[in-house]
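Hi,

Here is the structure I said I would pass on to you. Have a look at it first, and then read my notes below.

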Amino acid sequence: MQKLLLIKHAPPRIDPAVSSPRWTLSDAGRERCGWLAGEMKAHGVTRLFASLEPKALETAALAATRLGLAVEPRAGLEENDRTGFGFGTEDELRAAIRAFFDRPSEIVMGRQSADTAYARYRAAVAGCAASAAGAPLAIVTHGTVLTLLTSRHNTLDPFDFWASLRLPSYIVLDAANFRLDGPVHNYPPDPP
């Protein structure tokens with residue numbers, strides 16, 4: 001099994017005046033990247049890919065520095081296109097995300113349906129896995145697209161799975177079939 005870690009980026013600095021694809025990490029987010037580096041090392045990760053969004057690139061870069069790895073930015077690993085979605089309350093975001101998962105062929109937020117985002121993201125993840133040629137790899141990415149891929153290849157409720165992901169968090173998959181290999185790993189780690 002080729003081990004694939006899909007990582008939801010560390011916490012960003014939320015600025016309602018800036019669109020979310022341009023957010024960078026918060027101070028707490030930068031501090032949490034040390035935990036991610038330790039987790040990647042424990043899983044034997046030798047290749048590290050990242051979405052082109054700054055919060056994902058920064059998460060990957062801070063972990064990569066600790067691991068002595070290069071970050072390989074890849075198009076297609078970004079969050080679903082939320083252009084025009086705007087900034088709202090937590091309840092509004094959760095309602096939009098639920099609709100996004102419940103009506104996957106429709107555009108319910110931004111400019112991209114869940115089906116379109118899934119197809120783009122799946123192809124990008126598969127490309128990263130192929131270029132890693134069997135080596136354990138990690139991809140720093142985003143919660144909604146990570147959920148689309150994982151829920152469509154496992155028996156999971158997408159909204160509940162999405163809601164279970166903290167910042168940062170990761171899952172381990174078999175890169176060949178995207179089947180889950182264990183639970184969600186959240187920061188901070190749950191006590192034993």
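Let's start with a charged pair: Glu53 and Lys55 form a salt bridge, and their closest N and O atoms are 3.0 Å apart. Keep in mind that this is a predicted model, so everything here is computed from it. Are these two residues buried or exposed? Glu53 has a relative accessibility of 8%, and because the cut-off for buried is under 20%, Glu53 counts as buried. Lys55 comes out at 6%, so Lys55 is buried too.

In general, side chains of opposite charge can pair when their charged atoms come close. How many salt bridges does a search of the whole structure find? The search finds seven.

Another of them links the side chains of Glu79 and Arg82, at 3.5 Å from N to O. Both of these residues are buried. You'll find Arg82 in the loop between strand 3 (71-73) and helix 3 (90-102). If you leave out residues up to four places away in sequence, Arg82 touches Leu93, Ile97, Met109, Gly110 and Thr144.

Now compare that with Asp27 and Arg30, which also form a salt bridge, with the closest N and O atoms 2.2 Å apart. Both sit in helix 1 (residues 27-42), three residues apart, which is about one turn of the helix. Arg30, at 29%, is partly exposed.

While you're at helix 1, look at what is tucked away there. Its buried residues are Gly29, Cys33, Trp35, Leu36, Ala37 and Met40. Which elements cover them? The cover includes strand 1, strand 2 (47-50), helix 2 (54-67), strand 4 (137-141), strand 5 (169-174) and strand 6 (185-186). Just after helix 1 comes Gly44, which takes a positive phi of about 75°.

Next, step back to Ser26, in the loop between strand 1 (3-8) and helix 1. Ser26 has a relative accessible area of 15%, so it is buried. Ser26 and Arg13 are 13 residues apart in sequence, yet 4.3 Å apart in space, going from C-alpha to C-alpha. Leaving out residues up to four places away in sequence, Ser26 touches Pro11, Pro12 and Arg13.

Last, a pair of helices. Two packed helices are described by the angle between their axes and the distance between the axes. For helix 4 (residues 114-131) and helix 5 (residues 143-152), the axes come within 9 Å and cross at roughly 85°. Why do they count as roughly perpendicular? The label covers angles of 65 to 115 degrees, and roughly 85° falls in that range, so helix 4 and helix 5 are roughly perpendicular to each other. On the helix 4 side, the contact is made by Ala114, Asp115, Ala117, Tyr118, Arg120, Tyr121, Arg122 and Val125. Helix 5 brings Val145, Leu146, Leu148, Leu149 and Arg152. Sorted by type, the residues of this contact are nine nonpolar, four charged and no polar.

Cheers

Key. Residues numbered from 1 in each chain as written. Predicted model: local features only at pLDDT ≥ 70, side-chain atom pairs only at ≥ 80, totals over all residues. Heavy atoms only, no water. Helix = DSSP H or I, 4+ residues; strand = E, 2+ residues; numbered from the N terminus. Contact = heavy atoms within 4.5 Å. Salt bridge = Lys/Arg side-chain N within 4 Å of Asp/Glu carboxyl O. Buried < 20%, exposed > 50% of the residue type's maximum accessible area, 1.4 Å probe, protein only. Axes fitted to C-alpha atoms, helices over the stretch in contact; angles between N-to-C directions. Parallel < 35°, antiparallel > 145°, perpendicular 65-115°, else oblique. Nonpolar A, V, L, I, M, F, W, Y, C, P; charged D, E, K, R; others polar.
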